[in-house]
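Please look at the sequence and the model below before reading on. The text that follows goes through the structure step by step.

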Amino acid sequence: MLLEKLNWRYATKKMDSSKTVAADKVQRIVEAARLAPTSSGLQPFQVIVVTNAEVRAKLRAAAYDQAQLTDGSAVLVFAAWDNYTTERIDHMLALTAAERGGSSDALDAYYDGLKATYVPRDAKTNFEHAARQAYIGFGMSIAQAAFEGVDATPMEGFEPAKFDEILGLGALGLRSVCILPLGYRDESGDWLVGLKKVRRSTEDFVTELA
């Protein structure tokens, strides 16, 4: 069950460089992000899957030399739209119409409302909104990795501008938000493995209003 898997997982500090995560497992971990809910279903982010060793070495240098990026076998980079545009929203409108059997006045009106809300806003506000959607997919991938028995280390500790440059994200209208190295734990070299998971108590964490 999900809770058992979440208790099993932890932010792995040392990956076993001799082990490779199978491609089908990586695919399902990414698919979990693709299926994640997002505001108005716009999916304003992409996942870049980096398995190339040379590229991952460059990313490691831009991630404060955290070894999981190279000792693991893949790095998922979650990159949000740098802005909401008419073209991007219209693309999702066309996709929705195609998947649901055609357009309608109600569907067109809904997307017109989205454009009226998002497009006039400043790019910073829109990027921050898109980044929050990327985090939803990020969480889904973390959970799916646990289901797959794959270790993952959620990270914000990296230099986004350098990642964007290395991966050419600027030309795609994307900005990196968070990253998820995937691999298998090296229990002999990981100081965190085996330590009890520490979380606030349910009483301290949850407020119930009946």
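In this predicted model, helix H7, residues 123–147, lies across the strands E1, E2, E3 and E4. Strand E4 covers residues 174–183, and H7 runs at about 10 degrees to E4. Helix H8, residues 160–167, also lies across strands, in this case E1, E2 and E4. The angle of H8 to E4 is about 85 degrees.

What is the order of the strands in the sheet? The four strands form an open sheet in the order E1-E2-E4-E3, and their pairing is antiparallel. At the edges are strand E1 (45–50) and strand E3 (151–152), each of which pairs on one side only. Strand E1 runs antiparallel to strand E2, residues 74–81, and six bridges join the two. Within this pairing, Val-49 has Leu-76 of E2 as its bridge partner.

Helix H7 also has a helix packed against it. Two packed helices are described by the angle between their axes and the distance between the axes. For H7 and helix H2 (residues 23–34), the axes come within 7 Å and cross at roughly 145 degrees. The crossing in which H2 passes H7 is right-handed. On the H2 side, the contact is made by Arg-28, Ile-29, Val-30, Ala-32 and Ala-33. On the H7 side, it is made by Gly-137, Met-140, Ser-141, Gln-144 and Ala-145. Sorted by type, the residues of this contact comprise six nonpolar, three polar and one charged.

The next place to look at is a loop. Tyr-64 lies between helix H3 (53–61) and helix H4 (68–71), in the loop that links them. Tyr-64 is not a glycine, yet its phi is positive, at about 55 degrees. Is Tyr-64 buried or exposed? Its relative accessibility is 56%, and because exposed means over 50%, Tyr-64 counts as exposed. Asp-65 is also found in the loop between H3 and H4. Asp-65 has a positive phi too, of about 60 degrees, although Asp-65 is not a glycine.

A glycine is found in helix H6, which covers residues 105–118: this is Gly-113. Gly-113 has a relative accessibility of 33% and therefore counts as partly exposed. Along the chain, Gly-113 and Leu-76 are 37 residues apart, and their C-alpha atoms are separated by 33 Å. Leu-76 is the residue of E2 named above as the bridge partner of Val-49.

These parts can now be placed in the whole chain. The protein chain has nine helices and four strands. Read from the N terminus, its elements run α-α-β-α-α-β-α-α-α-β-α-β-α. The C-alpha trace spans about 60 × 50 × 30 Å along its principal axes. The chain has 210 residues, of which 40% count as buried. Among the contacts with a separation of 6 or more, 82% are between residues 24 or more positions apart. The accessible surface of the chain comes to about 11700 Å², and carbon and sulfur atoms account for 54% of that surface.

Key. Residues are numbered from 1 along each chain as its sequence is written. This is a predicted model: local features need pLDDT of at least 70, side-chain atom pairs count only at pLDDT 80 or more; totals for chains, interfaces and linings use all residues. Side-chain values use heavy atoms; hydrogens and water are left out. Buried means under 20% relative accessible area, exposed over 50%, partly exposed in between (1.4 Å probe, protein chains only). Two strands pair if DSSP finds at least two bridges between them. Contact means heavy atoms within 4.5 Å. Axes are lines fitted to C-alpha atoms, for helices over the stretch in contact, and angles run from 0 to 180 degrees between N-to-C directions. A crossing is left-handed if the near helix is turned anticlockwise from the far one by less than a right angle, and right-handed if clockwise. Ala, Val, Leu, Ile, Met, Phe, Trp, Tyr, Cys and Pro count as nonpolar, Asp, Glu, Lys and Arg as charged, and the others, Gly among them, as polar. Accessible areas come from the Shrake-Rupley method with a 1.4 Å probe; for residues, only the protein chains shown count as cover.
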